[in-house]
Amino acid sequence: MEPDRNSQTRQSQAYEGLRSLLLSGGMPPGTRLTEVELTSRFNVSRSTMRAVLVRLAQEGYVTSEVNRGVRTRSFSAAEAADILEAREVLESALAGKAAERATEEEIGELRGTLAAMEGCKRRGDQAGYSQANRRFHQQVKEAAHQEILARAYDTLLYPLVMRQYRNLSAQHPRSGSLEEHQAILMAIVTRNPDAAVAAMRHHVASARRALLLQTIADSAATLDRAAPPAQDAPVAPVTPVTPAATHAAD
């Protein structure tokens, strides 16, 4: 039994390691994953890594196609918009449950995280703000004490979507982001589920709107490059679209 346990442990460690690597954004969408490279990186056998890749494909983190191999997941704009829409529904529901069920200790942790976000914004620490931002959303999810909703939320692959579509040139944190987090916390502190649902939904909807704006801008730019105007035809000026920030969980 000991060898079996060791094998399961190595497989679990390789799974968590590769999953974390995918979520970190270290591999661009469409990157081919080879068993030889991955077995060397995670120090496991090819059969173990093959099982890991099968599991990640089943969960949607990678795609596996005949003659193309295994590649990191790439989302169409429509898929991305649907995932962000589902996130609005699920995370706003979790916020409502957090307003009902959060312990005083959990509320204290949310206060501490929000204070850290405020400090990062004052100092212009974008990386620190993003990290605290993600922690705030994770804490809201845990404070909801609703495992079914939480599991559904975790299957959305939202971090992969945002890493593919985020606009790195946009202002971060997005204007109004901190105030939106403050509204979410106030609703939880005052035990107002309806207000918590509304505040979280308003906050998360900003990411989906930004994605749509970015997609429109990219499509317009692509068409403008691909289709030169007909001879002697007047060319209408193109009004640029300025997308909002689409950083993870913001």
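Reader: Does Glu88 count as buried or exposed?

Author: This is a predicted model, and what follows is computed from it. A residue is called buried when its relative accessible area is under 20%. Because the relative accessibility of Glu88 is 3%, Glu88 counts as buried.

Reader: Which side chain does Glu88 meet in a salt bridge, and what parts of the chain does the pair tie together?

Author: The side chain of Glu88 meets that of Arg201 in a salt bridge, with an N to O distance of 3.5 Å. Since Arg201 lies in helix α10 (residues 193–226) and Glu88 in helix α4, the pair ties together parts that are 113 residues apart in sequence. Arg201 counts as partly exposed, at 37% relative accessibility, whereas Glu88 is buried. The partner asked for is therefore Arg201, in helix α10.

Reader: How many salt bridges does the count come to?

Author: Side chains of opposite charge can pair when their charged atoms come close. For a pair to be counted, a side-chain nitrogen of Lys or Arg must be within 4 Å of a carboxyl oxygen of Asp or Glu. By this rule the count comes to 11 salt bridges.

Reader: Where does the salt bridge of Lys141 and Asp154 sit, and how far apart in sequence are the parts that it ties together?

Author: Lys141 and Asp154 meet through their side chains at 2.7 Å, N to O. Lys141 belongs to helix α6 (residues 126–144) and Asp154 to helix α7 (residues 147–154), so this pair ties together parts whose separation in sequence is 13 residues. Lys141 is buried, its relative accessible area being 11%, while Asp154 is partly exposed at 40% relative accessibility. The answer is thus helices α6 and α7, and 13 residues.

Reader: Which side chain makes a polar contact with the side chain of Glu91?

Author: Glu91 lies in helix α4 (residues 77–101) and is buried, with a relative accessible area of 3%. Leaving aside neighbours within four places in sequence, Glu91 is in contact with His137, Tyr153, Met200 and Val204. One of these is joined to Glu91 by a polar contact of 2.6 Å between side chains, and that residue is His137.

Reader: Which side chain is joined to that of Thr113 by a polar contact?

Author: Thr113 is found in helix α5 (residues 104–123), where this residue is buried at a relative accessible area of 4%. Not counting residues up to four places away in sequence, Thr113 touches Ala132, Arg135, Phe136 and Gln139. A polar contact of 2.8 Å joins the side chain of Thr113 to that of Gln139.

Reader: Over which rings do the charged ends of Arg55 and Arg87 sit?

Author: The charged end of Arg87 is 3.9 Å from the centre of the ring over which it sits, that of Tyr158. For Arg55 the distance to the ring centre is 3.5 Å, and the ring is that of Tyr15. The rings asked for are those of Tyr15 and Tyr158.

Reader: How many helices and strands does the protein have?

Author: From the N terminus on, the elements run α-β-α-α-β-β-α-α-α-α-α-α-α. Of the 250 residues, 40% count as buried. The elements amount to 10 helices and three strands.

Definitions and conventions:
Residues numbered from 1 in each chain as written. Predicted model: local features only at pLDDT ≥ 70, side-chain atom pairs only at ≥ 80, totals over all residues. Heavy atoms only, no water. Lys NZ or Arg CZ within 6 Å of the ring centre and 35° of its normal. Helix = DSSP H or I, 4+ residues; strand = E, 2+ residues; numbered from the N terminus. Buried < 20%, exposed > 50% of the residue type's maximum accessible area, 1.4 Å probe, protein only. Contact = heavy atoms within 4.5 Å. Polar contact = N/O pair within 3.5 Å; in protein donor to acceptor, adjacent residues only side chain to side chain.
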